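Have a look at the two chains before reading on. The questions below work through them step by step.

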Amino acid sequence: MSHPTFDSVSVGDKLPELTSAPISRTTLALYGGASGDHNPIHVDIDFAKSHGMPDVFAHGMLSMAYLGRMLTNWVPQCQLRSFSNRFGSITNLQDKIHCNGTIVEKLEQDGEKLVRVEINAANQDGDIKLAGEALIALV
Amino acid sequence: MIDRKHIGLEMPPHSADVEKGRLRFFAKATGQTDPIYIDEQAAKAAGYRSIPVPPTFLFCLDMEVPNPFELIERLDVDLGKVLHGEQSFTYYKDVCAGDRVTYQSKVVDIFDKKDGALEFIIKETKVTNQDGDHVADLKGVIVVRHQ
């Protein structure tokens, strides 16, 4: 298996994309259990409606996990130095999440070669749900 | 409005065990099929001590307490009005199945926007392992919608 190296990548390069399966109620039930996030707003339609939402909606951290999968498909996880994002709009049932990453900077910090990758996750209509960046060490 | 006296509030530290079965369940729930996140032998062959904690899972183990929403309740916020605004992770050392991690969290800021229609709680968390090594920092922004 060959991994990207600092010299083999350029600013503007795209990471291999990742697309999730459509998010179902089952997806949310499994994620709620596995993540330990038992907030009923994600699994209990009665609770969601009583709090002004038309239906349950996805955990933001589920889509962040998809972004994490995109990153660790590209490089071994031990090279990940930081990973952050903002959550924009709510992700709804049946959304398919498309994860994208673009190298925006090559830098050296504390004697380590790094790339800064802009990342985002959007649904099938192109609505950006999450946007942020990751710092990744490359040798 | 959330009482601003809570700025600086430190939550009691808590610890959580990193369990292989739970990591496999998380892999299933997030569509992860890479064997290093499922099979300990594959993880070891890739150079990890055991199955590694995936990039966002340290956030999850912070909820392994009797009441994961204690902070929300202490701030007198309705859980149904809460959204996740931002999340960041800074990694210093790997964390694998078999490790025990300890969380120390603090509310570092509370502010509002749109004439109080939205309030923001900023929480920072330091994560250490069973050897006392600083393994990661987490920062979360919790949004409370008042409309």
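Q: What is the mean pLDDT of chain B?
A: This is a predicted model, and pLDDT gives the predictor's confidence in each residue, from 0 to 100. In chain B, 100% of the residues reach 70 or more. The mean pLDDT of chain B is 96.

Q: Where in chain B is confidence lowest?
A: Confidence in chain B is highest in helix 1 of chain B, at 98. At the other end, with a mean of 92, stands helix 4 (residues 70-74) of chain B.

Q: What ipTM does the model score?
A: The model comes with two scores. Its pTM is 0.95. Its ipTM is 0.96.

Q: In what order do the elements of chain B run from the N terminus on?
A: Chain B has 4 helices and 5 strands. Its C-alpha atoms fill a box of roughly 55 × 30 × 25 Å along the principal axes. From the N terminus on, the order is β-α-α-α-α-β-β-β-β.

Q: How many residues does chain B give to the contact with chain A?
A: Both chains take part. Chain A gives 32 residues to the contact. Chain B gives 29.

Q: Which element of chain B gives the most to the side that touches chain A?
A: Three elements of chain B give two or more residues to that side: helix 1 (20-29), helix 3 (57-61) and strand 2 (82-91). By class, this side of chain B has 13 nonpolar, 10 polar and 6 charged residues. With 8 residues, the element that gives the most is strand 2 of chain B.

Q: Which residue stands opposite A:Phe83 in strand 2 of chain B?
A: Strand 2 (residues 80-87) of chain A pairs with strand 2 of chain B in the antiparallel sense, over 5 bridges. Across this pair, A:Arg86 stands opposite B:Glu86. Opposite A:Phe83 stands B:Phe89.

Q: Which strands stand at the edges of the sheet?
A: The open sheet has 10 strands, in the order 1(A)-3(A)-4(A)-5(A)-2(A)-2(B)-5(B)-4(B)-3(B)-1(B), with antiparallel pairing. Each edge strand has a single partner strand, so one side of each is left without a neighbour in the sheet. The edge strands are strand 1 (18-19) of chain A and strand 1 (14-17) of chain B.

Q: Which residue is the bridge partner of B:Lys113 in strand 4 of chain B?
A: Strand 3 (residues 100-113) and strand 4 (residues 118-128) of chain B pair in the antiparallel sense over 11 bridges. They form a hairpin with 4 residues between them, and B:Lys114 in the turn has a positive phi of about 55°. The bridge partner of B:Lys113 is B:Leu118.

Q: Which residue takes a positive phi in the hairpin of strand 4 and strand 5 of chain B?
A: 11 bridges join strand 4 of chain B to strand 5 (residues 134-145) of chain B, and the two run antiparallel. Across them, B:Phe120 stands opposite B:Val143. The hairpin has 5 residues between the strands, and the residue with a positive phi, near 85°, is B:Gly132.

Q: Is A:Gly132 buried or exposed?
A: A:Gly132 lies in strand 5 (residues 128-137) of chain A. Among its contacts beyond four places in sequence are A:Ser84 and A:Ile119. A residue is buried if 20 or more other C-beta atoms lie within 10 Å of its own. A:Gly132 has 20 C-beta neighbours inside 10 Å, so it counts as buried.

Q: Which elements do the buried residues of helix 1 of chain A pack against?
A: In helix 1 (residues 25-35) of chain A, the buried residues are A:Thr27, A:Leu28, A:Tyr31, A:Gly32, A:Ala34 and A:Ser35. Just after this helix, A:Gly36 takes a positive phi of about 85°. The buried residues pack against helix 3 (60-74) of chain A, together with helix 1 and helix 3 of chain B.

Q: Which element gives the most to the largest nonpolar core?
A: The largest nonpolar core has 58 residues; A:Tyr66, A:Leu67, A:Ala134 and B:Leu58 have the most contacts inside it. Apart from it lies another core of 6 residues, including B:Val82 and B:Ile110.

Note on methods: Residues numbered from 1 in each chain as written. Chains lettered and ligands numbered in written order. Predicted model: local features only at pLDDT ≥ 70, side-chain atom pairs only at ≥ 80, totals over all residues. Contact = placed C-beta atoms within 7 Å. Nonpolar A, V, L, I, M, F, W, Y, C, P; charged D, E, K, R; others polar. Pairing = 2+ DSSP bridges. Buried ≥ 20, exposed ≤ 12 C-beta atoms within 10 Å, placed from the backbone. Core = buried A, V, L, I, M, F, W, Y, C linked by C-beta atoms within 7 Å.
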